[in-house]
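Look at the model below while you read.

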Amino acid sequence: MIVTINGKETQLPENASRTIDSLLTELDVAQPLYVTVELNGDIPDRADFATTPVAAGDVIEFLYFMGGGR
Amino acid sequence: MLTDSQIDRYSRHIILKEVGGKGQQKLLDGKVLIIGAGGLGAPIALYLAAAGVGTIGIADADVVDLSNLQRQVIHFTADIGKPKVESAREKMVAMNPDVTVKTYQEWISAANINGIIADYDFIIDGTDNFAAKFLINDACVLAGKPYSHGGILQFDGQTITVKPGESACYRCIFPEPPPKEAIPTCSQAGVIGVLPGVLGTIQATEAIKFLLGKGDLLTNRLLTYNALRMRFREVPLKRKTTCPVCGDNPTITEALDELDAMTVCDLKGTP
(Lines give C-alpha, C1' and ligand atoms only; values in the text may rest on other atoms or scores of the structure.)
Protein backbone atom coordinates (compact mmCIF):
# COMPACT_ATOMS: atom_id res chain seq x y z
CA MET A 1 0.00 0.00 0.00
CA ILE A 2 1.05 3.59 -0.53
CA VAL A 3 1.08 6.30 2.13
CA THR A 4 2.53 9.80 2.04
CA ILE A 5 5.21 10.38 4.66
CA ASN A 6 6.59 13.89 5.11
CA GLY A 7 5.49 14.73 1.60
CA LYS A 8 6.89 11.59 -0.08
CA GLU A 9 4.82 8.74 -1.43
CA THR A 10 6.06 5.63 0.32
CA GLN A 11 5.34 1.98 -0.52
CA LEU A 12 4.65 -0.16 2.55
CA PRO A 13 4.00 -3.92 2.67
CA GLU A 14 0.31 -4.77 3.01
CA ASN A 15 -0.53 -5.01 6.71
CA ALA A 16 -4.10 -4.69 7.92
CA SER A 17 -3.07 -4.35 11.56
CA ARG A 18 -0.56 -1.53 11.13
CA THR A 19 -0.83 1.22 13.78
CA ILE A 20 1.11 4.42 14.39
CA ASP A 21 3.08 2.57 17.03
CA SER A 22 4.03 -0.30 14.74
CA LEU A 23 4.82 2.12 11.92
CA LEU A 24 7.34 3.96 14.12
CA THR A 25 9.13 0.66 14.72
CA GLU A 26 8.76 -0.55 11.12
CA LEU A 27 10.33 2.63 9.71
CA ASP A 28 12.83 3.01 12.56
CA VAL A 29 11.65 6.59 13.03
CA ALA A 30 14.05 8.83 14.93
CA GLN A 31 13.13 9.86 18.49
CA PRO A 32 10.16 7.45 18.62
CA LEU A 33 9.34 8.50 22.18
CA TYR A 34 9.17 12.19 21.35
CA VAL A 35 8.23 12.49 17.68
CA THR A 36 4.85 14.08 16.99
CA VAL A 37 2.80 12.22 14.39
CA GLU A 38 0.22 13.99 12.28
CA LEU A 39 -2.18 11.62 10.55
CA ASN A 40 -4.43 13.09 7.86
CA GLY A 41 -4.27 16.52 9.47
CA ASP A 42 -4.91 15.42 13.05
CA ILE A 43 -2.35 14.94 15.79
CA PRO A 44 -3.38 11.94 17.90
CA ASP A 45 -2.34 11.73 21.53
CA ARG A 46 0.67 9.53 22.16
CA ALA A 47 -1.49 7.30 24.36
CA ASP A 48 -3.55 6.44 21.25
CA PHE A 49 -0.61 5.52 18.99
CA ALA A 50 -1.01 1.79 19.67
CA THR A 51 -4.67 1.79 18.68
CA THR A 52 -4.65 4.27 15.80
CA PRO A 53 -4.65 2.38 12.49
CA VAL A 54 -2.60 3.45 9.47
CA ALA A 55 -4.25 2.68 6.13
CA ALA A 56 -3.54 3.05 2.42
CA GLY A 57 -3.66 6.65 1.25
CA ASP A 58 -2.95 8.13 4.68
CA VAL A 59 -0.92 11.32 4.87
CA ILE A 60 1.59 11.13 7.71
CA GLU A 61 3.94 13.78 9.02
CA PHE A 62 6.66 13.11 11.56
CA LEU A 63 7.43 16.33 13.43
CA TYR A 64 10.54 16.63 15.54
CA PHE A 65 11.61 18.83 18.43
CA MET A 66 14.12 21.50 17.49
CA GLY A 67 15.30 23.29 20.56
CA GLY A 68 18.10 25.45 19.21
CA GLY A 69 18.01 29.13 18.51
CA ARG A 70 21.04 30.82 19.99
CA MET B 1 4.54 62.33 10.76
CA LEU B 2 7.68 61.15 8.97
CA THR B 3 10.64 63.52 8.83
CA ASP B 4 12.50 64.20 5.56
CA SER B 5 15.32 61.95 6.65
CA GLN B 6 12.86 59.17 7.55
CA ILE B 7 11.21 59.49 4.13
CA ASP B 8 14.67 59.02 2.65
CA ARG B 9 15.72 56.20 4.97
CA TYR B 10 12.53 54.21 4.43
CA SER B 11 11.96 55.18 0.79
CA ARG B 12 12.17 51.57 -0.43
CA HIS B 13 9.45 50.66 2.04
CA ILE B 14 7.32 53.67 1.31
CA ILE B 15 7.11 52.96 -2.41
CA LEU B 16 5.66 49.52 -1.68
CA LYS B 17 1.89 49.76 -1.88
CA GLU B 18 1.63 47.33 1.05
CA VAL B 19 3.66 49.69 3.22
CA GLY B 20 3.52 53.34 2.17
CA GLY B 21 3.97 56.20 4.61
CA LYS B 22 1.12 54.84 6.71
CA GLY B 23 2.67 51.41 7.02
CA GLN B 24 6.06 52.85 7.84
CA GLN B 25 4.41 54.83 10.63
CA LYS B 26 2.87 51.58 11.90
CA LEU B 27 6.36 50.05 12.01
CA LEU B 28 7.70 53.11 13.86
CA ASP B 29 4.83 52.82 16.33
CA GLY B 30 5.32 49.04 16.66
CA LYS B 31 6.75 47.23 19.66
CA VAL B 32 8.43 43.86 19.16
CA LEU B 33 10.16 41.74 21.81
CA ILE B 34 12.99 39.39 20.84
CA ILE B 35 13.76 36.72 23.42
CA GLY B 36 17.30 35.49 22.87
CA ALA B 37 20.08 37.65 21.41
CA GLY B 38 21.85 34.81 19.66
CA GLY B 39 21.68 32.99 16.34
CA LEU B 40 18.03 33.71 15.61
CA GLY B 41 17.95 36.95 17.57
CA ALA B 42 20.87 38.50 15.67
CA PRO B 43 19.29 38.79 12.21
CA ILE B 44 15.89 39.51 13.75
CA ALA B 45 17.28 42.44 15.73
CA LEU B 46 19.27 43.81 12.80
CA TYR B 47 16.41 43.64 10.30
CA LEU B 48 13.76 44.97 12.67
CA ALA B 49 16.04 47.89 13.55
CA ALA B 50 16.76 48.56 9.89
CA ALA B 51 13.04 48.41 9.11
CA GLY B 52 12.36 51.10 11.68
CA VAL B 53 10.36 49.09 14.20
CA GLY B 54 10.19 51.84 16.79
CA THR B 55 10.51 49.89 20.01
CA ILE B 56 12.45 46.66 20.15
CA GLY B 57 12.93 44.73 23.37
CA ILE B 58 15.71 42.20 23.59
CA ALA B 59 16.09 39.70 26.44
CA ASP B 60 19.12 37.55 27.17
CA ALA B 61 21.19 37.08 30.32
CA ASP B 62 24.31 35.86 28.57
CA VAL B 63 27.57 37.48 27.53
CA VAL B 64 29.19 37.18 24.10
CA ASP B 65 31.46 34.15 23.72
CA LEU B 66 33.97 33.44 20.97
CA SER B 67 31.99 30.35 19.92
CA ASN B 68 28.94 32.55 19.23
CA LEU B 69 30.50 34.54 16.43
CA GLN B 70 30.22 31.85 13.74
CA ARG B 71 26.50 32.70 13.48
CA GLN B 72 25.46 35.50 15.84
CA VAL B 73 26.22 38.24 13.33
CA ILE B 74 25.16 41.13 15.56
CA HIS B 75 28.11 40.46 17.89
CA PHE B 76 31.71 41.28 16.95
CA THR B 77 35.03 39.93 18.18
CA ALA B 78 35.56 43.02 20.33
CA ASP B 79 32.27 42.28 22.11
CA ILE B 80 33.49 39.06 23.72
CA GLY B 81 32.60 39.20 27.41
CA LYS B 82 30.04 41.97 26.91
CA PRO B 83 26.37 41.34 27.74
CA LYS B 84 24.68 40.21 24.53
CA VAL B 85 21.77 42.60 24.97
CA GLU B 86 24.18 45.54 25.26
CA SER B 87 26.23 44.39 22.26
CA ALA B 88 23.03 44.04 20.24
CA ARG B 89 21.64 47.39 21.37
CA GLU B 90 24.81 49.21 20.30
CA LYS B 91 24.61 47.84 16.73
CA MET B 92 20.88 48.47 16.42
CA VAL B 93 20.94 52.11 17.50
CA ALA B 94 24.13 52.76 15.51
CA MET B 95 22.32 51.47 12.42
CA ASN B 96 19.09 53.29 13.09
CA PRO B 97 18.76 56.02 15.72
CA ASP B 98 14.96 56.01 15.21
CA VAL B 99 14.80 52.79 17.19
CA THR B 100 14.43 52.58 20.95
CA VAL B 101 15.99 49.37 22.24
CA LYS B 102 14.95 48.11 25.65
CA THR B 103 17.31 45.54 27.10
CA TYR B 104 16.47 42.81 29.60
CA GLN B 105 19.67 41.22 30.81
CA GLU B 106 17.97 38.28 32.45
CA TRP B 107 16.75 34.79 31.64
CA ILE B 108 13.03 34.73 31.12
CA SER B 109 11.12 32.68 33.64
CA ALA B 110 7.61 32.32 34.96
CA ALA B 111 8.48 35.04 37.46
CA ASN B 112 9.26 37.75 34.90
CA ILE B 113 7.79 36.80 31.51
CA ASN B 114 4.31 38.27 31.92
CA GLY B 115 5.70 41.64 32.93
CA ILE B 116 8.13 41.68 30.00
CA ILE B 117 5.76 40.64 27.20
CA ALA B 118 2.97 42.94 28.40
CA ASP B 119 4.51 45.99 26.72
CA TYR B 120 4.84 44.44 23.25
CA ASP B 121 2.63 43.89 20.20
CA PHE B 122 4.48 40.83 18.91
CA ILE B 123 6.97 38.45 20.51
CA ILE B 124 9.71 36.44 18.81
CA ASP B 125 11.15 33.26 20.31
CA GLY B 126 14.85 33.08 19.54
CA THR B 127 15.75 30.92 22.53
CA ASP B 128 17.77 27.73 22.61
CA ASN B 129 15.99 25.53 25.10
CA PHE B 130 12.64 23.85 25.55
CA ALA B 131 11.93 25.35 28.95
CA ALA B 132 11.99 28.81 27.39
CA LYS B 133 10.15 27.75 24.23
CA PHE B 134 7.25 26.23 26.18
CA LEU B 135 7.17 29.14 28.64
CA ILE B 136 7.01 31.68 25.81
CA ASN B 137 4.21 29.72 24.14
CA ASP B 138 2.18 29.45 27.33
CA ALA B 139 2.68 33.07 28.39
CA CYS B 140 1.86 34.42 24.91
CA VAL B 141 -1.19 32.18 24.49
CA LEU B 142 -2.54 33.08 27.93
CA ALA B 143 -1.87 36.80 27.41
CA GLY B 144 -3.28 36.71 23.87
CA LYS B 145 0.02 37.92 22.39
CA PRO B 146 0.84 36.83 18.85
CA TYR B 147 4.29 35.36 18.53
CA SER B 148 6.73 33.60 16.23
CA HIS B 149 8.26 30.30 17.28
CA GLY B 150 11.59 29.28 15.79
CA GLY B 151 13.77 26.23 16.32
CA ILE B 152 17.01 25.14 14.69
CA LEU B 153 19.42 22.22 14.88
CA GLN B 154 22.34 21.26 12.66
CA PHE B 155 20.98 21.88 9.13
CA ASP B 156 17.27 21.93 10.01
CA GLY B 157 14.94 24.64 11.15
CA GLN B 158 11.25 25.11 11.71
CA THR B 159 9.03 28.07 12.44
CA ILE B 160 5.37 28.84 13.00
CA THR B 161 3.45 31.96 13.94
CA VAL B 162 0.87 31.66 16.69
CA LYS B 163 -2.22 33.83 16.98
CA PRO B 164 -3.61 32.78 20.35
CA GLY B 165 -7.17 31.52 20.23
CA GLU B 166 -7.15 31.60 16.42
CA SER B 167 -4.38 29.30 15.24
CA ALA B 168 -2.44 26.25 16.39
CA CYS B 169 0.07 26.87 19.16
CA TYR B 170 3.36 25.10 19.90
CA ARG B 171 1.65 22.79 22.40
CA CYS B 172 -0.93 21.79 19.76
CA ILE B 173 2.05 20.17 18.02
CA PHE B 174 4.18 19.24 21.02
CA PRO B 175 2.02 18.89 24.15
CA GLU B 176 4.96 18.81 26.55
CA PRO B 177 8.70 19.35 26.48
CA PRO B 178 10.99 16.35 26.03
CA PRO B 179 12.87 15.27 29.14
CA LYS B 180 16.15 17.09 29.55
CA GLU B 181 19.03 15.67 27.52
CA ALA B 182 16.59 13.67 25.34
CA ILE B 183 17.06 15.94 22.34
CA PRO B 184 20.52 17.19 21.38
CA THR B 185 21.26 20.91 21.58
CA CYS B 186 23.18 23.05 19.12
CA SER B 187 26.22 23.01 21.38
CA GLN B 188 26.19 19.23 21.41
CA ALA B 189 25.10 18.59 17.83
CA GLY B 190 26.26 21.72 16.01
CA VAL B 191 24.51 24.21 13.77
CA ILE B 192 25.55 25.57 10.39
CA GLY B 193 26.09 29.29 10.89
CA VAL B 194 23.83 30.53 8.09
CA LEU B 195 20.83 28.50 9.32
CA PRO B 196 19.59 30.97 11.98
CA GLY B 197 19.99 33.71 9.37
CA VAL B 198 17.38 32.02 7.18
CA LEU B 199 14.97 31.21 10.01
CA GLY B 200 15.45 34.47 11.91
CA THR B 201 14.81 36.53 8.80
CA ILE B 202 11.53 34.67 8.28
CA GLN B 203 10.56 35.37 11.89
CA ALA B 204 11.38 39.08 11.45
CA THR B 205 9.25 39.10 8.29
CA GLU B 206 6.30 37.79 10.30
CA ALA B 207 6.69 40.58 12.88
CA ILE B 208 6.79 43.21 10.14
CA LYS B 209 3.73 41.77 8.36
CA PHE B 210 1.87 41.61 11.65
CA LEU B 211 2.62 45.28 12.38
CA LEU B 212 1.63 46.27 8.84
CA GLY B 213 -1.49 44.10 8.90
CA LYS B 214 -0.59 42.82 5.43
CA GLY B 215 -0.25 39.42 3.86
CA ASP B 216 -0.82 35.98 5.36
CA LEU B 217 0.93 35.06 8.57
CA LEU B 218 2.58 31.66 8.96
CA THR B 219 -0.32 30.38 11.06
CA ASN B 220 -1.64 26.83 11.07
CA ARG B 221 1.40 25.87 9.01
CA LEU B 222 4.75 24.66 10.31
CA LEU B 223 7.44 25.75 7.87
CA THR B 224 10.38 23.37 7.89
CA TYR B 225 13.70 23.99 6.21
CA ASN B 226 16.65 21.74 5.48
CA ALA B 227 19.77 23.56 4.33
CA LEU B 228 21.60 20.46 3.08
CA ARG B 229 18.82 19.43 0.72
CA MET B 230 17.77 23.08 0.29
CA ARG B 231 14.13 22.27 0.79
CA PHE B 232 11.32 24.14 2.43
CA ARG B 233 8.16 22.28 3.38
CA GLU B 234 4.90 23.37 4.90
CA VAL B 235 3.02 21.06 7.22
CA PRO B 236 -0.62 22.10 7.58
CA LEU B 237 -1.78 22.19 11.19
CA LYS B 238 -4.84 23.14 13.14
CA ARG B 239 -5.72 23.91 16.73
CA LYS B 240 -6.06 20.80 18.84
CA THR B 241 -9.16 20.67 21.00
CA THR B 242 -7.16 18.72 23.60
CA CYS B 243 -4.24 21.19 23.63
CA PRO B 244 -3.19 21.65 27.26
CA VAL B 245 -3.00 25.44 26.93
CA CYS B 246 -5.26 26.57 24.06
CA GLY B 247 -7.69 23.63 23.90
CA ASP B 248 -11.25 23.36 25.13
CA ASN B 249 -10.33 22.24 28.64
CA PRO B 250 -6.88 23.64 29.30
CA THR B 251 -4.82 22.22 32.14
CA ILE B 252 -2.32 25.07 31.92
CA THR B 253 -3.91 28.30 33.10
CA GLU B 254 -0.83 30.25 34.10
CA ALA B 255 2.70 30.39 32.74
CA LEU B 256 4.85 28.07 34.82
CA ASP B 257 8.46 26.97 34.50
CA GLU B 258 8.91 23.53 32.96
CA LEU B 259 11.32 22.31 35.60
CA ASP B 260 12.02 18.99 33.89
CA ALA B 261 13.25 20.81 30.80
CA MET B 262 15.16 23.55 32.60
CA THR B 263 18.70 22.34 32.08
CA VAL B 264 18.52 21.21 28.47
CA CYS B 265 21.00 23.80 27.32
CA ASP B 266 23.17 24.59 30.32
CA LEU B 267 26.52 23.51 28.91
CA LYS B 268 29.23 26.11 28.64
CA GLY B 269 29.30 27.78 25.26
CA THR B 270 25.83 26.58 24.41
CA PRO B 271 24.36 29.83 23.18
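Helix H10 of chain B covers residues 195-212, which is 18 residues. From its first C-alpha to its last it reaches 26 Å, close to the 26 Å expected at 1.5 Å a residue; the expected span is 1.5 Å times one less than the number of residues. Helices here are DSSP runs of H or I with at least four residues, strands are runs of E with at least two, and both are numbered from the N terminus. H10(B) is mostly covered, with 13 of its 18 residues buried. A residue is buried if 20 or more other C-beta atoms lie within 10 Å of its own, exposed if 12 or fewer do, and partly exposed in between, with C-beta atoms placed from the backbone. After H10(B) comes Gly213(B), whose phi is positive, near 70°.

This is a predicted model: local features need pLDDT of at least 70, side-chain atom pairs count only at pLDDT 80 or more, and totals for chains, interfaces and linings use all residues. Residues are numbered from 1 along each chain as its sequence is written, while chains are lettered from A and ligands numbered from 1 in the order in which they are written.

Helix H5 of chain B, residues 84-95, has twelve residues and reaches 17 Å from its first C-alpha to its last, close to the 16 Å expected. Which residues of H5(B) are buried? They are Lys84(B), Val85(B), Ser87(B), Ala88(B), Arg89(B) and Met92(B). An α-helix has 3.6 residues a turn, so residues three or four places apart point the same way. The cover over the buried residues of H5(B) includes helix H4 (41-51), strand E2 (55-59) and strand E3 (100-104) of chain B.

Now turn to chain A. Four strands form an open sheet in the order E2-E1-E4-E3 (chain A), with mixed pairing; two strands pair if DSSP finds at least two bridges between them. The edge strands, E2 (8-11) and E3 (36-39) of chain A, each pair on one side only. Strand E1 (residues 2-5) and strand E4 (residues 59-63) of chain A run parallel, paired over two bridges. In E4(A), Val59(A) is the bridge partner of Thr4(A), and Ile60(A) is that of Ile5(A). E3(A) and E4(A) are antiparallel, with four bridges, and Val37(A) stands opposite Phe62(A) in E4(A).

Finally, the contact between the chains takes 15 residues from chain A and 36 residues from chain B, where two residues are in contact if their C-beta atoms, placed from the backbone, lie within 7 Å. On the side of chain A that touches chain B, E3 and E4 of chain A are the elements that give two or more residues.
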